[in-house]
Amino acid sequence: MLCMKRFSIPNKSSSIGSFIPSFTFSVVSSKLTMPKGKQRKVEEEESTRKGTPKIDLISSLPDSLLCHILSFLPTRCAMATSVLARRWRHLWKDLLALDLDNSKHSPYYLPGGTHRFIAFVNAVFAQRKALRVEKLRLACDIPRGEKKTIKTWIRTVVGPHLQEMYLDLSFACNEFGDRHIKLPEEVLTSASLESLVLKGHVFLTVYDGFVDLPSLKNLELDLNYVDPDFVLLGCPVLENLKLTLHESFPLNASQPPEIYMPVSLKRLTLIQDDDIEEDINDIEDLVIDTPLLEYLSITLWARCLQVSISDYPNMVEAHIDIDQDQEQVGWVLELLKALRQTKLLDLKLSTMECLLGAPAFELPEFPRLLNLELQIPYFDSGFLIKLLHNCHILQVLTLHNQENVSTVEPEEPSCWTLPMKDPDCVISHLKMFEFKGYKDSADEHGFVAYLLERGPILKTMKIHADPTLGLTYKQRIHQELSMVPRSSKTCRLIVT
């Protein structure tokens, strides 16, 4: 007679709050003395007799689907699945995506293990069964004397099926002499490549011949000693570009280059490297003649840089951080006019310093603007009211008072003056207002009270008091603003 004990263990999933029925474990004394093979056969017969056969649902999936799932893992993790079961032993060898990362931000980074990483990658390429690679991500330090090995890996994956390539390379030691890798010609003449990311602190030069990337839609360049225009001319269908400008480019340029953005661009991120202390003198002209542009992010403090722009009727989101002399602010104003169709506009501190310090100018109208975010060097309600008059359907307004970090001060403190006419957005569209760095000056208090009194559909007002103000002062701010009559019965006031 079989001796059986039953144990009921309740298990609850705290993440989703659903209840998992209790498991019942049967401990059969006679099974303990059976051989393992016979014991497994008895268990399978019992489970079949009960109508609940044991099925490994994941392993029952086709190889193509399993390989697709494994392609989202780092290659080192995908290889580790080979120990799960015989079914998984060779699956990783058919992967079409390789993620080989030994950079310092990788969770698998091994200090001083660059040579071991080289051996690991060589073993991966030696054991692979798939003849093609669709995606390659390679991020690592290059040991001394291993540049040829890295170039061999790159040439191995380049082919008619390669769609994405990500390279982030740097040198593991401070070598003297030549510290750059010349990108193989095959990469910049690939007909199938759709995404290319080249970055790192290595001097990565490109083939000094013909660049032809007819399918490339995404390009990210963060390199020293590279002429961006040289690469961009060979990307006729490019849609997304992220370009970091460095002080040390271009390489062996006989004259300052011009950078022409492809007309097909829809997203552009232009960043000036933090290592450049003052100016970019190596660029003569930057031409952004891209009428299809939908997203724009610019971070520049190049005071002598000439920028040519066009109109952007499809613009959706724009982030502008430009440090420009007040005497040369003209192209910044032209940029704002070109962005007048955007739905989100984010003007950083340097840009606002430039605009507030410039001579009198006419602000463009933003008929489609829904979200406006400003980092202001000081509070000027007159400028804000003037700007709101040109934002007819604005729904969200966010202010960041950066007076403590700004290098610009107003000539004289401004005072709140009730506008003769209410902006259309205040009385019919504004739903949310957020003020960060609120100092409770008379001008600030008057502007905030005005929005409460004249905003009939205002839903939320968040006031973040300046950190230098004490708790008692913040409580007084909340009390005073709570006493202001509100045009909106559903407006929620939050003071922190």
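## Basis of the description

Contact here means heavy atoms within 4.5 Å. This is a predicted model, in which local features need pLDDT of at least 70 and side-chain atom pairs count only at pLDDT 80 or more, while totals for chains, interfaces and linings use all residues. Residues are numbered from 1 along each chain as its sequence is written, and side-chain values use heavy atoms, with hydrogens and water left out.

## Helix α11 and its surroundings

Helix α11 spans residues 442-454 and reaches 18 Å from its first C-alpha to its last, close to the 18 Å expected at 1.5 Å a residue (1.5 Å times one less than the number of residues). Helices are DSSP runs of H or I with at least four residues, and strands are runs of E with at least two, both numbered from the N terminus.

Among the buried residues of α11 are Phe447, Val448, Tyr450, Leu451 and Leu452, together with Asp443 and Glu444; buried means under 20% relative accessible area with a 1.4 Å probe, protein chains only. The buried residues of this helix pack against α9, β19, α10, β20, β21 and α12.

## The nonpolar core and a parallel sheet

The largest nonpolar core has 126 residues, and Met165 and Met261 have the most contacts inside it; such a core is a set of buried Ala, Val, Leu, Ile, Met, Phe, Trp, Tyr and Cys residues joined through side-chain atoms within 4.5 Å. Beyond its neighbours within four places in sequence, Met261 is in contact with residues including Leu232, Leu270, Val287 and Ile288.

Strand β13 (residues 285-288) pairs with β15 over three bridges, and Val287 has Ser308 in β15 as its bridge partner.

Notes. Buried < 20%, exposed > 50% of the residue type's maximum accessible area, 1.4 Å probe, protein only. Pairing = 2+ DSSP bridges.
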